[in-house]
Amino acid sequence: SRLAQLRRDDPSAKLRHAGVPYGRISTSLKQAIVVAEDSRFVDHEGFDWDAIEKAREKNLKKGRVVAGGSTISQQLAKNLYLSPSRNPLRKLKEAVIAYRLEWALDKARILELYLNVAEFGPNLWGAEAASERYFRRPASKLSLEQAALLAATLPHPLTSNPAYRPGATEWRVKRTRH
């Protein structure tokens, strides 16, 4: 869907993506992503029921969708196979795929795939491409601060990343630390 959006403005647009094996992604980035996106990742089987309930309560209080309770496995399912729409049928499909991913793959492989397909900015997919674009270094060489900045990008990669609105990204890094 992102490629279709890009091609509306530029018919020859291509996605920038670089996939790398798990061992070529810094430990700092792996840890920062888990802390920022799914702190119970190693303990659940695809669903964090507490996070889902907290998101539901927050959304009811605000009267609109302002929070999600998706796990890394659910986000991977969406990124690999589904659209970003929020309709209930897509969420049901996402749940089924996340369950199957958890059944078939170990946590390291799920995290590796997620880090290779996550969107980190406009036309920027995967930790390696993001690391090269924002910091001019491979994902294996990221500092702790750079890893935190990339992790802070994930909730809103198009509007809050190290190149566009870096203040919003840095604010999220500080918020995650507390």
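Of the 178 residues in the protein chain, 42% are buried. The model behind this value is predicted. Start with the overall build, then turn to two residues.

The secondary structure of the protein chain amounts to 9 helices and 3 strands. Their order along the sequence is α-β-α-α-α-α-α-β-β-α-α-α. The radius of gyration is 16 Å, close to the 16 Å from the globule rule for 178 residues, so the protein chain is as compact as a globular protein of that length. The C-alpha trace spans about 40 × 40 × 35 Å along its principal axes.

Now the surface. The protein chain has an accessible surface of about 10,500 Å². Carbon and sulfur atoms hold 54% of that surface. As for charge, the protein chain carries 31 positive and 19 negative side chains. The centres of these two sets lie 5 Å apart.

Next, look at Ser-26. This residue sits in the loop between strand 1 (16-17) and helix 2 (27-37). Is Ser-26 buried or exposed? Its relative accessible area is 7%, under the 20% cut-off, so Ser-26 counts as buried. What does Ser-26 touch, leaving aside residues up to four places away in sequence? The partners are Ala-139, Ser-140 and Leu-142. Ser-26 also makes a polar contact through its side chain, which reaches the backbone nitrogen of Leu-29 at 3.0 Å. For a view across the model, take Ser-26 and Val-117. They are 91 residues apart in sequence. In space, the C-alpha to C-alpha distance between Ser-26 and Val-117 is 16 Å.

Move on to Thr-153. This residue belongs to helix 8, which covers residues 144-153. Is Thr-153 buried or exposed? The relative accessible area of Thr-153 is 0%, and buried means under 20%, so Thr-153 is buried. Which backbone atom does the side chain of Thr-153 reach? It is the backbone oxygen of Leu-149, at 2.9 Å.

The side chain of Ser-26 reaches a backbone nitrogen, while that of Thr-153 reaches a backbone oxygen.

Methods. Residues are numbered from 1 along each chain as its sequence is written. This is a predicted model: local features need pLDDT of at least 70, side-chain atom pairs count only at pLDDT 80 or more; totals for chains, interfaces and linings use all residues. Side-chain values use heavy atoms; hydrogens and water are left out. Helices (H or I, at least four residues) and strands (E, at least two) are DSSP runs, numbered from the N terminus. Buried means under 20% relative accessible area, exposed over 50%, partly exposed in between (1.4 Å probe, protein chains only). A polar contact is a pair of N or O atoms within 3.5 Å; within protein, one must be able to donate a hydrogen and the other to accept it, and residues adjacent in sequence count only if both atoms are side-chain atoms. The radius of gyration is taken over C-alpha atoms; the globule rule is 2.2 Å times the number of residues to the power 0.38. Accessible areas come from the Shrake-Rupley method with a 1.4 Å probe; for residues, only the protein chains shown count as cover. Lys and Arg count as positive and Asp and Glu as negative; His and the chain ends are not counted. The place of a charge is taken as NZ of Lys, CZ of Arg, CG of Asp or CD of Glu. Contact means heavy atoms within 4.5 Å.
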